[in-house]
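Please keep the sequence and the model at hand while reading.

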Amino acid sequence: MKSVDYETEFDLDAPDFPAKFDEVSQEVLTKCPIVQSPALGGYKVVFRDEDIRAVAKDWQTFSNRFGYEPNRNGDDNARLFPLEIDPPYQARWRSVLGTHLGARAVATKEPSIRAHVNDLINDFVGAGECEFVEAYASQLPGRMFFSTFLHVPLADLAYVQKATDEAVSLPIAAGESTEEYAERRQAGWNRVAEYLEEYMRKREEEPPRGDIVDSILQGVELDDGEQAPWKHKLFVMLDVLAGGMTTTTFVLAGLAHFLATHPEDRARLAADPSLHTNAIEELLRYYASILALGRTAMEDTEVGGCPVKKGEMLMLAYSVGCRDPQIYDRPNEIDIDRKISSNLAFGWGSHRCPGNSIARLQMRITMEELLRRVDGLELAGADSNQISHSTVTRNWDTLPVKFTPGAVESVEFVEEEV
Ligand code: HEM
């Protein structure tokens, strides 16, 4: 990206962006905080914390209903709700999700999540080495969601995970047109939607269990007072599933990367668990996994002094905003004592991530169990960890690590409360 003019040629999908993320972020934040991209039919990118928050909280001017990324295929088989709708309808779905994804409800899942964490660690702890993304970071979010929230067979997870990856995190291939790329991603969404639809139809026939699936099936009212159609319920299931997979994988890999590369912090965290909560906020900031998500301007307006035309798409680069030097001293460094008042990694305004408590809980349990069970964690090879980007997500592709071989422990899976 070095040779491009950021102001007019910035491309979220540029293949060399992931490797230069730290330096490019600082350059755009200090020199051109809003840029025009010619890619994917054209969009603007907003980088600064202050500008991102201003756009994200003004849903009347900056709507979500034209999609979360540029060139979003108009296919109505697999949309994401509440991400691709506006209040007040969006707020009614949020309140349904809040009942099951809020901090208090999520705390009841801790024993179940801890059992999955320890079961996954058992699979690699004796070997003294593993590829952490494959062995753990990509496994836990799906496992947790499938068995703790949906109660569907874990055997189906690999299929759904692959389709979700194609929909959310697949990078554009060399020589592929933007239309082909959009179609490939939509095909991934359609496969996840087919799977979830079959499961939801089955659940509709069964006695209610009082879980998130039942609440979604029960539905909410549209703005005109009619009941939300079946498809909207499916779109909510899709969003809850997809919203938590790649995003959480990235921060879990980030956590292992951090422990492997910061031995002094690691020793402090092992000795003093009261440091964990703050450290996790800092890791979520540093390893913010949403590269950018979109809004469409509903009128001619301006953002951070830059004119914006009605109909233009603005990508809010949350991951870059998390490195804003106006907010954070030494933004490209991890400082586990840094105080973060509100974490932009989860977005801002009416669409702020409803899954944040689950993500934080997976981070906390992972930190506790890695510190307890995996000694001497190190990277296995200097350049061996790989990060790629899609238009919207940062993806951790591989993270080979080594460590002192440890013992397998017995794990008791608990019957979760719904
Ligand atoms: C570290 C992990 C995660 C990160 C960094 C993250 C990030 C985000 C961000 C930035 C948004 C705001 C979207 C916008 O402003 O357009 C969002 C929305 C959302 N997230 Fe997450 N997320 C994470 C985990 C989860 C989990 C575990 C779930 C599900 C349980 C989830 C479900 C959702 C949903 C359904 C939305 C849409 C909310 C709405 O539009 O009202 N996320 N997430």
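What is the volume of the largest cavity? In this predicted model, the largest cavity has a volume of about 850 Å³. The structure holds 3 cavities of 30 Å³ or more. Two or more residues of the lining of the largest cavity come from each of H4, helix H8 (140-150), H12, H13, E5 and H17. Among these, H12 gives the most, with 5 residues. In total, 46 residues line the largest cavity, and Gly243, Gly244, Thr247, Ile290 and Cys353 lie nearest its centre. By class, this lining has 30 nonpolar, 12 polar and 4 charged residues.

The ligand sits in the largest cavity. It is surrounded by 27 residues, of which Gln90, Arg295, Tyr318, His351 and Cys353 are the closest. At least two residues of this shell are supplied by each of helix H4 (89-101), helix H12 (230-243), helix H13 (246-261), strand E5 (293-297) and helix H17 (356-373). The shell divides into 14 nonpolar, 10 polar and 3 charged residues.

An oxygen atom of the ligand lies 2.6 Å from an N or O atom in the side chain of histidine 351. For the side chain of arginine 94, the distance from an N or O atom to a ligand oxygen is 2.9 Å. Leucine 83 takes part through its backbone, with a polar atom 3.2 Å from an oxygen of the ligand.

The second largest cavity has a volume of about 60 Å³. Its lining consists of Leu40, Glu69, Pro70, Asn71, Thr178, Tyr181, Ala182, Arg185 and Thr391, which divide into 4 nonpolar, 3 polar and 2 charged residues.

Conventions. Residues are numbered from 1 along each chain as its sequence is written. This is a predicted model: local features need pLDDT of at least 70, side-chain atom pairs count only at pLDDT 80 or more; totals for chains, interfaces and linings use all residues. Side-chain values use heavy atoms; hydrogens and water are left out. A residue is near a molecule or strand if one of its heavy atoms lies within 4 Å of it. A polar contact is a pair of N or O atoms within 3.5 Å; within protein, one must be able to donate a hydrogen and the other to accept it, and residues adjacent in sequence count only if both atoms are side-chain atoms. On a 1 Å grid over the protein atoms alone, a cavity is a set of points where a 1.4 Å probe fits but cannot get out, and a pocket is an open set with protein on both sides within 12 Å along at least five of seven lines; lining residues have an atom within 4 Å of a point. A molecule sits in a cavity or pocket if more than half of its atoms lie within 2 Å of its grid points. Helices (H or I, at least four residues) and strands (E, at least two) are DSSP runs, numbered from the N terminus. Ala, Val, Leu, Ile, Met, Phe, Trp, Tyr, Cys and Pro count as nonpolar, Asp, Glu, Lys and Arg as charged, and the others, Gly among them, as polar. Grid points are joined across faces, edges and corners, and a volume is the space filled by probe spheres set on the points.
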